[in-house]
2 protein chains.
Amino acid sequence: MKVRRSDRLIDMTRYLLERPHQLVSLTFFSERYESAKSSISEDLTILKRTFRTRGTGLLETVPGAAGGARFIPYITKNEASQFVDDMITALSEESRFLPGGYVYMSDLLGRPNVLRQVGRIVATQYLHETVDAVMTVATKGIPIAQGVAESLNVPFVIVRHDSQITEGSTVSVNYVSGSSQRIEKMALSTRSLKPGSRVLIVDDFMKGGGTIGGMQSLVKEFNSTVVGVAVFAEGAFEGTSKVPDYTSLLKIDATTDHVEVTPGNFADQIYTPDRMSELKK
Amino acid sequence: MKVRRSDRLIDMTRYLLERPHQLVSLTFFSERYESAKSSISEDLTILKRTFRTRGTGLLETVPGAAGGARFIPYITKNEASQFVDDMITALSEESRFLPGGYVYMSDLLGRPNVLRQVGRIVATQYLHETVDAVMTVATKGIPIAQGVAESLNVPFVIVRHDSQITEGSTVSVNYVSGSSQRIEKMALSTRSLKPGSRVLIVDDFMKGGGTIGGMQSLVKEFNSTVVGVAVFAEGAFEGTSKVPDYTSLLKIDATTDHVEVTPGNFADQIYTPDRMSELKK
């Protein structure tokens, strides 16, 4: 039974949204809906226009018989800034302030809609890079890594402080913890990352950058490359950070009596949709 | 500018898919697209039909002026079984077998598409329950919890073995680890779960059920209720499990020389779409 245009548009939207960055061929859609490739091409033009108008993302269409479409989710600078402002309002509530100049934020990082937006923002910042895997360290970076990995449609790997029997053989590195200045250890399963991978490092919080520096060493041990570092929040820090280049959504200054939350440098690296294809390496 | 039907269908699909279980009003859509409510109602009828035909989920429509639509994702028993069979094939590769009768599965639990399907399956199993929060224990349960929480559109909370300054005050319980028979401790931030919550417990792996038993005690400490327990894989276990009722996607029997992976009991609790509304309490 031939499928009507309205049904095709609905199902194609879902199908493409669930598979970011994956090229889906005209042939596949044509067979799925028992419809001519010319009709599918028209459908894709409509999808492209709506995705663009609504700020959903870019639908890249690849012409020719072997062609198809690839959905690249992004977030506009406006929507990203609005989201970061909402986070600042939430994190500035006094009930979140903890002894030692910390701010409670675990509840926010357990909300699917927050994690989706964080994922979209970080993915948009690194759209011009080829990313093979997202890396984070247990525990609180995991939900961020998963959100980013969903938006980029790549796997994420979890570095651990303890080594577990269920991880098999591991590669471990020592690093100097930025805050405590102690030597610590972190490990990653040898099975989890292919040599030659291009890795995006993410975490929930960064202060001196010691932990992230550790992950950078670990990436090198896997003969892989760090393409970027993105954190949800950075804390005020006196001295030289171990990580010179990174992006953050928020800055938390809790050195004085009160806590001040301000936007991080995220907006500098959010490109307009038009510039995306030219940026892609 | 009035929005065309095709554009409305595409954007409504995305909007509803991103907000499972949330009632979106006719008024909202009518204003968003500057279109009559009668047109929006027709759109929703088309969406409902396509979602059903394609096994995407149920679009519940609430009639009347205050009405709207709510998207309830589910997975069909066929698609769930197909996915579990794929997992069995992947996990039966000899290169995954680890000393001590363990199977390496961290890579699978770091793939967004695997986590989405696990989330859909577990969410479908507990569609007849009201769930306010998903609970898991660090580290490897987190991606599963996030996948399930996305499908149910509720927050997830992470129980930890160590207590961190960034969690604020915590409630902790002692429990007997099923495998080592040692007394261990787990803690949850008091800020993370409201009293009276209905909690779905999930984890990547269960053997004796000690860890999950600990989480059950913790839920009681928060004057909350456990509505179910779901694990990705259960290990063969001699003796009485501390958790009599649970669902699993996979059974891993690694007590002998070789590892055998078989389907868990998940299929018993996957209901057909027709039975869903009647089951909802």
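Predicted model: local features only at pLDDT ≥ 70, side-chain atom pairs only at ≥ 80, totals over all residues.
A:R14 and A:D11 sit about one helical turn from each other, because they are three residues apart in helix 1 of chain A. The two side chains form a salt bridge, and their closest N and O atoms are 3.3 Å apart.

## Where the chains meet

How many residues of chain A are in contact with chain B? The count is 53, and they touch 53 residues of chain B. Putting the two chains together buries about 4,800 Å², with carbon and sulfur atoms giving 58% of that area. On the chain A side, the residues that lose the most area to chain B are A:I10, A:R54 and A:Y104, which together make up 14% of what that side buries.

On the polar side of things, 20 residue pairs are in polar contact across the interface of chain A and chain B, counting pairs with both residues at pLDDT 80 or more. Several elements of chain A give two or more residues to the side that touches chain B: helix 1 (5–17), helix 3 (37–53), strand 4 (97–98), helix 5 (112–125), helix 6 (142–152) and strand 7 (156–159). Helix 1 of chain A supplies the largest share of that side, with eight residues.

## How the copies are related

Turn chain A by 180°, with a shift of 0.0 Å along the axis, and chain A can be laid on chain B with an RMSD of 0.0 Å. The two copies are therefore related as by a two-fold rotation axis. The same surface serves both copies, as 100% of the contact residues of chain A recur in chain B.

## The annotated N-terminal span and its sheet

An unreviewed UniProt entry lists residues 4–73 of chain A as "domain: Bacterial purine repressor N-terminal".

Strand 2 runs antiparallel to strand 3 (residues 68–73) of chain A, and the two pair over six bridges. Which residue in strand 3 of chain A is the bridge partner of A:E60? That would be A:R70.

Most peptide bonds are trans, and most residues other than glycine have a negative phi. Here are some spots to look at with that in mind. A cis peptide bond joins A:A138 and A:T139, with omega at about 5°, and A:T139 is placed in the loop between strand 6 (133–137) and helix 6 of chain A. In chain B, the peptide bond from B:A138 to B:T139 is cis, with omega near 10°. B:T139 is in the loop between strand 6 (133–137) and helix 6 (142–152) of chain B.

As for phi, B:H21 has a positive value, near 65°, in a residue other than glycine. You'll find B:H21 in the loop between helix 1 (5–17) and strand 1 (23–25) of chain B.

Definitions and conventions:
Residues numbered from 1 in each chain as written. Chains lettered and ligands numbered in written order. Heavy atoms only, no water. Least-squares fit on C-alpha atoms with pLDDT ≥ 70 in both. Contact = heavy atoms within 4.5 Å. Pairing = 2+ DSSP bridges. Helix = DSSP H or I, 4+ residues; strand = E, 2+ residues; numbered from the N terminus. UniProt positions renumbered as here; feature names shortened; annotations may be inferred. Buried area = accessible area lost by both parts, 1.4 Å probe. Polar contact = N/O pair within 3.5 Å; in protein donor to acceptor, adjacent residues only side chain to side chain. Salt bridge = Lys/Arg side-chain N within 4 Å of Asp/Glu carboxyl O.
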